[in-house]
Amino acid sequence: MGGEVVLLDFWASPFGMRARIALAEKGVKYEYREENLANKGELLLKSNPVYKKIPVLIHDGKSLSESLIIVQYIDEVWKNPPLLPEDAYERAVARFWADFADKKLYDSGTKIWKSKGEAQASAVKEFIENLKILEGALGDEPFFGGEKLGFVDVMVVPFVCWFHAYEVHGGFSVAAECPKIDAWAKRCMERESVSKALQDPEKILEFVGFLKKKYGVE
Amino acid sequence: MAKKEHKVRLLGTWRSRFVHRVRLALKLKGIEYEYIEEDLKNKSPLLLESNPVYKKVPVLIHGNNVVSESMVILEYIDETWSENPLMPQDPYDRAITRFWSKFIDDKCLAPIRTVLLTDGEEQEKAMKEAKEALKTLERGLKGKFFGGEVIGFVDIAASCLSIWSEVLGEVIGTKFIDSEKLPHLHSWIEEFTSIDLVKESFPPYDKLFASYKALREDHLAAKFSQN
């Protein structure tokens, strides 16, 4: 449990935010290192040779990548408070929804600002559909984890600071389409671990503008 | 919470690599179950009800518990029937196990499927991608198997690369995993498929070959008729 913890990350990355929230929830002290993704550092390339991406968690000299895997590792090493439930079936349900968020939210959200016209309209429709499915999974509980923030909440909540950028580019409103998700997002933001990890939505919107220029999407 | 003794059912299709993973895990754990073959062109009410999000197989139904997505199912099986664990105990080893399992799904399977269903430049590009991914995957081998000296979680995840890569390779007239370019993975296939329980779990080679050959032909014909 001892040993140095370093997180290689990028300020705007929702995947990095997942790791930040998990570490904060567990009260783990760590060194945050901002990576320049246009000019990746040697440590990043060495510690994630397969994907060369952030986030990378380095604990006691051993490195891990892929946010879904990093958060489960954090949960298993620093046991309190637990993010995954104890029961095997409830854990399977949590893993299912975390996997759904991984497969469906980021890609459909990205398509919204990377496309135009009909393709964009279709991306918006897909994103809203996916969000509504998640909203169904939330049900009437305050969090996906039930009474408290849990694994699925940590996996999904970073996308909340990207909603504004998706809304502006896609011409829709999350609050109007998915009021329960909107309420859940506000509830999560009341936790310091979340509010400190998430970025200002205006800064994310500005960053998306920069990305659009970079990818030649106008 | 379902007890171990509760009835286990598995919705699947005989050909599916993902269903096979689950069947192999159940076999290795000695778990009795009822297998239900699904017709994906005419999905049963049970399938649609138990996997409304993806409407896909495999789906494991254990008492009142319904689990879908093959890797989620594998962890559920391992945690519910915890004797002879498939996952290692140490958190870092578990993370590495999950990493390679995810790598197989994210990076190896899609290009292999594309190779099967395309030709020309598109197929060449996918083949290059597949071989690069498989070369990277070799790094995950810890001796004879991904699990070390005995098979483990990643070996089960990788079962889709054993007989399936041979069949798909034969359908298109090539070898995905040849002994020269991918010697370690090639040895792994030999070791893995020589285990009786594993060998017994595979669908018949000839049936797989005929089915994938037909799939390829149908796909290419559909593409051709669109042009």
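Where is Pro58(B) found? Pro58(B) sits in the loop between helix H2 (45-50) and strand E3 (59-62) of chain B. Helices (H or I, at least four residues) and strands (E, at least two) are DSSP runs, numbered from the N terminus.

## Ground rules

This is a predicted model, in which local features need pLDDT of at least 70 and side-chain atom pairs count only at pLDDT 80 or more, while totals for chains, interfaces and linings use all residues. Residues are numbered from 1 along each chain as its sequence is written, chains are lettered from A and ligands numbered from 1 in the order in which they are written, and side-chain values use heavy atoms, with hydrogens and water left out.

## Cis prolines and positive phi

The peptide bond from Val57(B) to Pro58(B) is cis, with omega near 5 degrees. Chain A has a cis bond from Ile54(A) to Pro55(A), with omega near 0 degrees. Pro55(A) lies in the loop between helix H2 (42-47) and E3 of chain A.

The loop between H2 and E3 of chain A also holds Lys52(A). Phi of Lys52(A) is positive, near 55 degrees, and the residue is not glycine. Most residues other than glycine have a negative phi, and most peptide bonds are trans.

## The sheet of chain A

Four strands of chain A make an open sheet in the order E2-E1-E3-E4, with mixed pairing. Two strands pair if DSSP finds at least two bridges between them. Strand E2 (31-34) and strand E4 (62-65) of chain A are at the edges; each has a single partner strand, so one side of each lacks a neighbour in the sheet. On average, neighbouring strands of this sheet are turned by 20 degrees against each other, direction ignored. Axes are lines fitted to C-alpha atoms, for helices over the stretch in contact, and angles run from 0 to 180 degrees between N-to-C directions.

Strand E3 (residues 56-59) of chain A pairs with E4(A) in the antiparallel sense, over four bridges. Ile58(A) has Ser63(A) in E4(A) as its bridge partner. Helix H1 (residues 14-25) of chain A packs on the sheet and touches strand E1 (5-9), E2 and E3 of chain A. Its direction makes about 155 degrees with that of E1(A). Contact means heavy atoms within 4.5 Å. Leu57(A) stands opposite Leu64(A) in E4(A). E3(A) and E4(A) form a hairpin with two residues between them, and Asp60(A) in the turn has a positive phi of about 55 degrees.

## The sheet of chain B

Chain B has an open sheet of four strands in the order E2-E1-E3-E4, with mixed pairing. Strand E2 (34-37) and E4 of chain B are the edge strands, and each pairs on one side only. Neighbouring strands here are turned by 20 degrees against each other on average, direction ignored.

Strand E1 (residues 8-12) of chain B and E2(B) pair in the parallel sense over four bridges. Gly12(B) stands opposite Glu37(B) in E2(B). Helix H1 (residues 17-29) of chain B packs on the sheet, touching E1, E2 and E3 of chain B. The direction of this helix makes about 155 degrees with that of E1(B). H3(B) also packs on the sheet. H3(B) touches E3 and E4 of chain B, and its direction makes about 135 degrees with that of E4(B).

## The interface

The contact takes 28 residues from chain A and 27 residues from chain B. The area buried between the two chains is about 2,400 Å², and carbon and sulfur atoms give 65% of it. Buried area is the accessible area (1.4 Å probe) that two parts lose on being put together, summed over both. In chain B, Tyr54(B), Tyr92(B) and Phe99(B) lose the most area to chain A, together 24% of what that side buries.

Nine residue pairs, both residues at pLDDT 80 or more, are in polar contact across the interface. A polar contact is a pair of N or O atoms within 3.5 Å; within protein, one must be able to donate a hydrogen and the other to accept it, and residues adjacent in sequence count only if both atoms are side-chain atoms. Strand E4 (65-68), helix H3 (70-80) and helix H4 (91-117) of chain B each supply at least two residues of the side that touches chain A. H4(B) gives the largest share of that side, twelve residues.

## Salt bridges

The structure holds 31 salt bridges over all chains. A salt bridge is a side-chain nitrogen of Lys or Arg within 4 Å of a carboxyl oxygen of Asp or Glu. Seven salt bridges are counted between chain B and chain A. One joins the side chains of Glu79(B) and Arg91(A) (2.9 Å, N to O).

Within chain A, the side chains of Lys103(A) and Asp99(A) meet in a salt bridge (2.7 Å, N to O). Lys103(A) and Asp99(A) are four residues apart in helix H4 (residues 88-114) of chain A, so about one helical turn separates them.
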